[in-house]
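Please keep the sequence and the coordinates at hand while reading.

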Amino acid sequence: MTPVKVFGPAQSTNVARVLLCLEEVGAEYEVVNVDFTVMEHKSPEHLKRNPFGQIPAFQDGDLYLFESRAIGKYILRKYKTREADLLREGNLREAAMVDVWTEVETHQYNSAISPIVYECIINPAMRGIPTNQKVVDESVEKLKKVLEVYEARLSQSTYLAGDFVSFADLNHFPYTFYFMGTPYASLFDSYPHVKAWWERLKARPSVKKLAAVMAPQGA
């Protein structure tokens with residue numbers, strides 16, 4: 001069987017989300033780099049894969065997909081097994097909770113944590129733009145409120161959708177991984193159930209493998 005292809009660098013948070021799903025299900029895949037320095041993501045060839053000129057793009061035979069969460073769901077449906085059932089679509093209640101917390105990650109968690117990562121890591125290191133401390137401070141306060149909700153939820157269940165790991169949990173990995181490299185990583189110490197949940201996620205073989213790829217050289 002021809003391996004599926006993922007277009008974009010593994011260090012990208014959205015690409016990492018797709019790769020994590022592939023690792024969880026044990027699928028063969030090939031990562032095809034997209035060179036942003038020469039605007040390859042805006043090339044006609046890449047625009048055929050992702051019409052918005054972004055990453056990731058995904059190819060499975062003659063099927064092309066974009067948007068990382070949609071790609072992730074496709075992967076988890078295609079390669080679903082009893083051991084790798086991360087959408088729980090055979091159980092209406094469990095599937096609904098996976099959907100709820102996937103939406104929460106997208107609209108609440110990600111919108112709070114991603115500006116901190118951009119301002120503390122991506123902008124200074126990759127774009128030469130100094131950190132906007134006002135944006136960081138506002139985002140940290142927003143993240144605290146989100147983590148209060150997570151703390152309450154994770155005091156009742158091992159993972160976000162229930163006592164089983166799911167797509168909802170995996171979606172949190174890329175930005176949280178980079179957040180732990182900022183000066184604000186200790187924020188999680190104030191939320192013991194959240195911190196324990198993150199430690200459980202970090203211990204997964206798929207997460208360990210992706211973390212090694214995403215880590216800065218020499219880290």
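The text below moves from the whole chain to its sheet, its helices and a few single residues.

**Overall architecture**

The structure is a predicted model. Its protein chain contains nine helices and four strands. Read from the N terminus, the elements follow the order β-α-β-α-β-β-α-α-α-α-α-α-α. The radius of gyration of the protein chain is 17 Å, close to the 17 Å that the globule rule gives for 219 residues, and the chain is therefore as compact as a globular protein of that length. Along the principal axes, the C-alpha atoms occupy a box of roughly 45 × 45 × 30 Å.

Of the 219 residues in the protein chain, 47% are buried. The chain exposes about 11200 Å², and carbon and sulfur atoms contribute 53% of that area. When contacts between residues at least 6 apart in sequence are considered, 65% of them join residues at least 24 apart.

**The sheet**

In what order do the four strands of the open sheet lie? The order is β2-β1-β3-β4, and the pairing is mixed. The edge strands, each of which pairs on one side only, are β2 (29-32) and β4 (63-66). From one strand to the next, the twist averages 20°.

Strands β3 (residues 57-60) and β4 pair in the antiparallel sense, over four bridges. Ala57 has Phe66 in β4 as its bridge partner, and Asp60 has Leu63 in β4 as its bridge partner. The hairpin formed by β3 and β4 has two residues between the strands, and in this hairpin Gly61 takes a positive phi near 65°.

**Helices on the sheet**

Helix α1 (residues 13-25) lies across β1 (4-7), β2 and β3, and runs at about 160° to β1. Helix α3 (residues 68-78) lies across β3 and β4, and runs at about 130° to β4.

How do the axes of α1 and α3 cross? They come within 9 Å of each other and cross at roughly 5°. Because angles under 35 degrees count as roughly parallel, α1 is roughly parallel to α3. On the α1 side, the residues that meet α3 are Asn14, Arg17, Val18, Cys21, Leu22 and Val25. Their counterparts in α3 are Ser68, Arg69, Ile71, Gly72, Ile75 and Leu76.

**Backbone features in the loops**

Most residues other than glycine have a negative phi, and most peptide bonds are trans. Against that background, several positions in this chain deserve attention. A cis peptide bond, with omega about 5°, joins Ile55 and Pro56. Pro56 is located in the loop between α2 (44-49) and β3.

Met39 has a phi near 60°, a positive value in a residue other than glycine. Met39 sits in the loop between β2 and α2, and is partly exposed, with a relative accessible area of 47%. Arg88 likewise has a positive phi, near 55°, in a residue other than glycine. The loop between α3 and α4 holds Arg88.

Is Asn110 buried or exposed? Asn110 lies in helix α4 and has a relative accessible area of 16%; since buried means under 20%, Asn110 is buried. Leaving aside residues up to four places away in sequence, Asn110 touches Arg69, Glu105, Pro115 and Tyr175. Arg69 is also one of the α3 residues that meet α1.

Pro130 is found in the loop between α4 (92-127) and α5 (133-154). Its relative accessibility is 63%, so Pro130 counts as exposed. Pro130 and Val207 are 77 residues apart along the chain, and their C-alpha atoms are separated by 30 Å.

| Residue | Relative accessible area | Class |
|---|---|---|
| Asn110 | 16% | buried |
| Met39 | 47% | partly exposed |
| Pro130 | 63% | exposed |

Terms used: Residues numbered from 1 in each chain as written. Predicted model: local features only at pLDDT ≥ 70, side-chain atom pairs only at ≥ 80, totals over all residues. Heavy atoms only, no water. Pairing = 2+ DSSP bridges. Axes fitted to C-alpha atoms, helices over the stretch in contact; angles between N-to-C directions. Contact = heavy atoms within 4.5 Å. Rg over C-alpha atoms; globule rule 2.2 N^0.38 Å. Buried < 20%, exposed > 50% of the residue type's maximum accessible area, 1.4 Å probe, protein only. Areas by Shrake-Rupley, 256 points an atom, 1.4 Å probe, with all protein chains shown as cover. Parallel < 35°, antiparallel > 145°, perpendicular 65-115°, else oblique.
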